[in-house]
Structure formats: structure tokens, C-alpha cells
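Hello,

Here is the structure I said I would pass on. Please look at it first, then read my notes below.

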Amino acid sequence: MSQPPSPDLAARVARLEAIEEIKALKHRYLRACDAKDPDGFRACFIASGASIDYGRLGAFDDGEGMVKVFESIALRKVDGRNVILDMHHATHPDIVVHDGTRASGRWTLKFRQVNLEDGTESVSTGEYEDEYVVEDGRWKMAKCHFHRHWTITRPLGPDCRVDQATD
């Protein structure tokens, strides 16, 4: 006859589940950024009072302000084509679960952006510093601060061709 899991084992499993849920949250956030999905982007943050600081893009005390900036950049089109194309890859997660409803984390961002209006490509890296809380039964970001380390910007050459999905 097997014994029930020890409270220690249950706590360890709960911590690992929280870490995986937080990783999934960050990946949903990154996919929403690249998919130009402001609703998906907003859904990753707490309902009110999120601390968001993206350096040059601005600092906000709620998700709504950042969503407006996101929409003005990511959704901009010229002649029916997006002019800003982004690719976000967050790696090296370092997540600490403080208790059943609070956690913090750091991620390294590898970011690439094609700006068809300016004819440039930029590659950047930096660090996210996040805080997470459980809201309505799901992990959400309560704080998301980004600190850029460096950026390289170069012109898109005359031989460069950029194809976009049409769906």
C-alpha cells in the first residue's frame, strides 16, 4: 500500500508547476508581441496597477498605457502592410516562487526588429525583471521592467526582400 505524498513533495511539485505556468505566461506575452495581439498582450498583466517600464518606450503604472504604445507601434501599417516586424525570444529564465501567489523572475531577451518605414533592422539584448501574482486563478505579471544592454541598427540593403504573411 502506497503512502500519500509528503507535504514536502507536494510543495515541491506545486513550486515546479508554478514555474512552468509562469514560463507559459511569458511565452504567451512574447507571442502576443510578435503576433501584434494587443488583447493577448494586455491579458498577461494584472487587471490594474501593473508596473511596466520599457525604457525608451516608456514607464506606466498600469497595462493600458503600454497597450496604447504597443498598438501605435506594432499595428502601424502603410499601404496595408505592417511597417514594424518584431521577433522576441526570452531565454535563461530565473524564476523564484515566494509562495502560492507571488513569484519573481529574470529573463534575457533576444530581440530583432525590422522597420520597413526607416529601412532598418535592429538587434538588441537586455534583461526583463518581472514580478508575478496569481489573479483569478492564473499567474499574471504585476511588474515587467526591461533594461536594454545594447542594440545594433543597420540599413536594409537594396537586395533585401521582406515577405509578410497575408492572413
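What share of the contacts in the protein with a separation of 6 or more comes from residues 24 or more positions apart? The share is 55%, where a contact means heavy atoms within 4.5 Å.

This is a predicted model, in which local features need pLDDT of at least 70 and side-chain atom pairs count only at pLDDT 80 or more, while totals for chains, interfaces and linings use all residues. Residues are numbered from 1 along each chain as its sequence is written, and side-chain values use heavy atoms, without hydrogens and water.

The protein has three helices and eight strands, in the order α-α-β-β-α-β-β-β-β-β-β. These are DSSP runs numbered from the N terminus (helices: H or I, at least four residues; strands: E, at least two). Of its 167 residues, 37% are buried (under 20% relative accessible area; exposed is over 50%, partly exposed in between; 1.4 Å probe, protein chains only).

There are 13 salt bridges in the whole structure, each a side-chain nitrogen of Lys or Arg within 4 Å of a carboxyl oxygen of Asp or Glu. In one of them, glutamate 64 meets arginine 42 at 2.6 Å, N to O. Glutamate 64 is in helix α3 and arginine 42 in helix α2, so this pair ties together parts 22 residues apart in sequence. Arginine 42 is buried, at 13%, whereas glutamate 64 is partly exposed, at 41%.

Another salt bridge joins arginine 76 and glutamate 117, with the closest N and O atoms 2.3 Å apart. Both residues lie in loops, and the pair ties together parts 41 residues apart in sequence.

Regards
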